[in-house]
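I open this notebook to record what I looked up in one model, entry by entry. The sequence and coordinates come first.

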Amino acid sequence: MGKREKPSERKRFSVSTLLRWIAMAVCVIVMICCGIYLARLALESRAVKQENQGAVEQFVQQTPSNDTTDPAAESNSDGESTAPFTVDFASLQAACPDAVGWIQVSGIDVINYPVVHYTDDSYYLNHSWDGQSSRYGAIFMETANSGDFSDCYTLIYGHNMKDGSMFGGLKKYRDQSFYEEHGGTITLCLPGETRTYQIFSVHIADADDEGVYTVGFAHDEIFGSFLDALKQRSIYDTGVSVSAEDNVITLSTCSGEERLVVHAKQFSSIPTA
């Protein structure tokens, strides 16, 4: 007669088998949930990009440029400077009264957004430029700054999205070779004017950095010293000088618990209709 299996052995076998099946089921459920989550993120990213592209097509008109020396402007047939792109601000501000400008950054095509200004800095952290609830937020100006960009130092914020949208693409400027290849220019179209800025410093700052996130400067010695300090903090030397007479914008985005900041000084202004 064959050897009988003891009841205790059958029990151990049954329990261990059950535990293995439970573990496998949990793994499958986790994989399915992760897949659904990643698919939702991909669909959300695609939808946001399509919406932003729709806004670009609706409000922005690019000006073809053959000028390789100045990416900020070209000359028309009369030899006058023209803006690299124009924005239909009447239509844009009808759709979003908080819109005060439109920003593009050389080498980062995805940064092509309206800039908004509101009385509460937290609002556009989770709302798109047209007021829709969105974890992507919007590109927005510091509340304490003047909405017409008349301050000598202006802060502009945007999320660091993993898909590179919003200000996620700014991390490319941590690489000096990227800066050298793409020129480091920021174009800001405002109602009646298009400004071009040159990046002079790229660095990491603490979220509570009292220097970087201070507004209310004047064109004086204090401001000059402040700009010199920002240039000294740059990850690499851009070769761009800066002085107290300059108007400066700072683009800021999250980088873990710190902030990646890009400072640029204005070097041209072109009137637009």
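Which residues does Asp 98 touch, not counting residues up to four places away in sequence? With contact taken as heavy atoms within 4.5 Å, I find that Asp 98 touches Val 115, Val 116, His 117, Tyr 118 and Tyr 124. I located Asp 98 in the loop between α2 (89-95) and β5 (99-105), where helices (H or I, at least four residues) and strands (E, at least two) are DSSP runs numbered from the N terminus. I also looked up Thr 119, which is 21 residues from Asp 98 along the chain, and the C-alpha atoms of the two are separated by 9.6 Å.

**Basis and confidence.** I note that this is a predicted model, in which local features need pLDDT of at least 70 and side-chain atom pairs count only at pLDDT 80 or more, while totals for chains, interfaces and linings use all residues. Residues are numbered from 1 along each chain as its sequence is written, and side-chain values use heavy atoms, with hydrogens and water left out. The pLDDT, the predictor's confidence in each residue from 0 to 100, has a mean of 85 over the protein chain, and 82% of the residues reach 70 or more. Confidence is lowest in strand β2 (residues 74-75), at a mean of 47, and highest in strand β8 (residues 153-157), at 98. Residues 73-79 have a pLDDT below 50, and beyond near neighbours in sequence this stretch has 15 contacts in the model. I keep in mind that where pLDDT is low, the predicted coordinates should not be read in detail.

I counted two strands as paired if DSSP finds at least two bridges between them. On that basis β5 and β6 pair in the antiparallel sense over 6 bridges, with Gln 104 opposite Asn 112 in β6. Their hairpin has 2 residues between the strands, and Gly 107 takes a positive phi near 85° there. Strand β6 also runs parallel to strand β7 (residues 139-141), joined to it by 3 bridges, and His 117 stands opposite Met 141 in β7. I find 8 of the 10 residues of β6 (residues 108-117) buried, which is to say under 20% relative accessible area, with exposed over 50% and partly exposed in between (1.4 Å probe, protein chains only).

**Strand β10.** Of the 14 residues of β10 (residues 193-206), 12 are buried, so this strand is largely enclosed by the rest of the structure. It pairs in the antiparallel sense with strand β12 (residues 258-271) over 13 bridges, where Val 202 stands opposite Val 262. Strand β9 (residues 185-190) pairs with β10 in the antiparallel sense too, over 6 bridges.

**Aromatic pairs.** I took rings of Phe, Tyr and Trp (its six-membered ring) as paired if their centres lie within 6.5 Å, with planes under 30 degrees apart stacked, over 60 edge-to-face and the rest tilted; the count comes to 15 aromatic pairs. Phe 59 and Trp 129 form an edge-to-face pair, 5.8 Å centre to centre with 90° between the planes. This pair links distant parts of the chain, since Phe 59 lies in helix α1 (residues 7-59) and Trp 129 in the loop between β6 and β7, 70 residues apart. Phe 59 is buried, at a relative accessible area of 3%.
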